[in-house]
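Okay, thanks for coming, everyone.

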Amino acid sequence: MPRIVLFSYPGSPWGAKVISYLSLRGIEYSECCQPMTWPRPDLQLLNIQYRRIPFISIGKDIYYDSSLIFEKLEALYPQQPLGAKEPSGKTLEKLVEKWAEGSLLNSVMNLLPKSLPFLSDSIFLADRKELWGKEFSPDALEKGLTKSLVEIREHFAVLENLLGDGRQWLLDSEKPGLIDIHAAFCFDWIINIPGAQINEFISASAYPFTWRWLDRYRHAIAASQKQGAAITQLTGHDATNLILESDFAERAVTVMDDPTRLQEGQVVALYRIDDMSSSVKHRDVGRLVGLTPHETVVAIKAKASDVEIRVHAPRWQFEVEVAL
Ligand SMILES: N[C@@H](CCC(=O)N[C@@H](CS)C(=O)NCC(=O)O)C(=O)O
């Protein structure tokens, strides 16, 4: 397989989630560090308009959104995957993934310490206001803090109930599984930020099983990172060259019959629909080469050369339509 390149930035909770997965799996990768705000000039070399972080490349295949990244890594690197094997476990895993994205992350954001330097950076604040359509300022965090603590208390109660029977991991496995990553990454991210506003309502004495599980999670990842190979940092140019000189990771992609009625080869626009600016400013336009119930694949021409790369996105939270 071509070498994986992770496009992320330090401090990204979603980036940390993918890094935790790669570490626990012992999959080697390189990293191409991106700025926290748009524009991201490295991506222009590849002609990628996608706004969010993280995404990964495996050769000339580029995978957007952590949910698709995990599906692909489970399938393309099948030895000792982390995903559940049984249908009930797989279903719970998906539900927990959506729970984290729809609820847990929003709840933990307001616990950020207000003194973090980027929270007083006007470029960052304007960038996030444009993306999310609402303030992400120290004042806005302060206003949301009480509500967040109430919500996290409820989330912890769900986990405490399950972990209360003494299991080590959510599906009672011997090692942390993908479901543990889904459920733990937001909490692990916030509790490791010095000054995070955690108080007695969500303390270790109130939720002992949950906090012990979070502790195990952190140690398991730290141990795997200690054992793993060092991560090479790539510049945008090096990452682009590596991608363009590699093969595709996946041979066959197909366009199936689909409610959109889109056909193979049509020129389409692919974009996210869960923020305020992606549908307008972050559309990847190219030839439709793959369409299944779970995935859209669009071939685009990299700007740095005329070489075609393929961007893959999940169907969930993404739209694909004929490009006008
Ligand atoms: N569902 C997406 C969420 C990704 C996401 O929202 N990432 C944040 C960073 S942690 C982001 O892209 N924020 C805006 C930015 O960095 O440009 C995924 O799983 O990858």
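So, the ligand: it sits in the largest pocket. One caution before we go on: this is a predicted model. Now, which helices wrap in here? The elements that give two or more residues to the shell around the ligand are helix H1, residues 13-25, and helix H5, residues 122-132.

What kind of residues make up that shell? We get 7 nonpolar, 7 charged and 2 polar ones. There are 16 residues around the ligand in total, and the ones that come nearest are Arg40, Arg51, Ile53, Ser66 and Glu101. Keep Arg51 and Ile53 in mind, please, as both names will come back.

Start with Arg40: an N or O atom in the Arg40 side chain is 2.8 Å from an oxygen of the ligand. Next, Asp65 has a side-chain N or O atom 3.0 Å from a ligand nitrogen. And for Glu101, the distance from a side-chain N or O atom to a ligand nitrogen is 2.7 Å. How much of the ligand does the protein cover? On its own the ligand has 500 Å² of accessible area, and the protein covers 95% of that.

Which residue does the Arg51 side chain meet in a salt bridge? That would be Asp127, at 2.6 Å, N to O. The two are 76 residues apart, so to speak from distant parts of the chain: Arg51 is in the loop between helix H2 (41-46) and strand E3 (55-58), while Asp127 belongs to helix H5. As a general point, side chains of opposite charge can pair when their charged atoms come close. Over the whole structure, a search turns up 22 salt bridges.

And now Ile53. The peptide bond between Ile53 and Pro54 is cis, with omega at about 5°. Pro54 is in the loop between H2 and E3. There's another cis bond to point out, going from Trp38 to Pro39, with omega near 5°. Where is Pro39? You'll find Pro39 in the loop between strand E2, residues 29-33, and H2.

Asp172 is not a glycine, and yet its phi is positive, about 60°. To find Asp172 on the screen, go to the loop between helix H6 (138-163) and helix H7 (178-191).

That's my tour, so over to you.

Key:
Residues numbered from 1 in each chain as written. Predicted model: local features only at pLDDT ≥ 70, side-chain atom pairs only at ≥ 80, totals over all residues. Heavy atoms only, no water. Near = heavy atom within 4 Å. Polar contact = N/O pair within 3.5 Å; in protein donor to acceptor, adjacent residues only side chain to side chain. Areas by Shrake-Rupley, 256 points an atom, 1.4 Å probe, with all protein chains shown as cover. 1 Å grid on protein atoms, 1.4 Å probe; cavity = no way out; pocket = protein on both sides within 12 Å on 5 of 7 lines; lining within 4 Å. Sits in = over half its atoms within 2 Å of the grid points. Helix = DSSP H or I, 4+ residues; strand = E, 2+ residues; numbered from the N terminus. Nonpolar A, V, L, I, M, F, W, Y, C, P; charged D, E, K, R; others polar. Salt bridge = Lys/Arg side-chain N within 4 Å of Asp/Glu carboxyl O.
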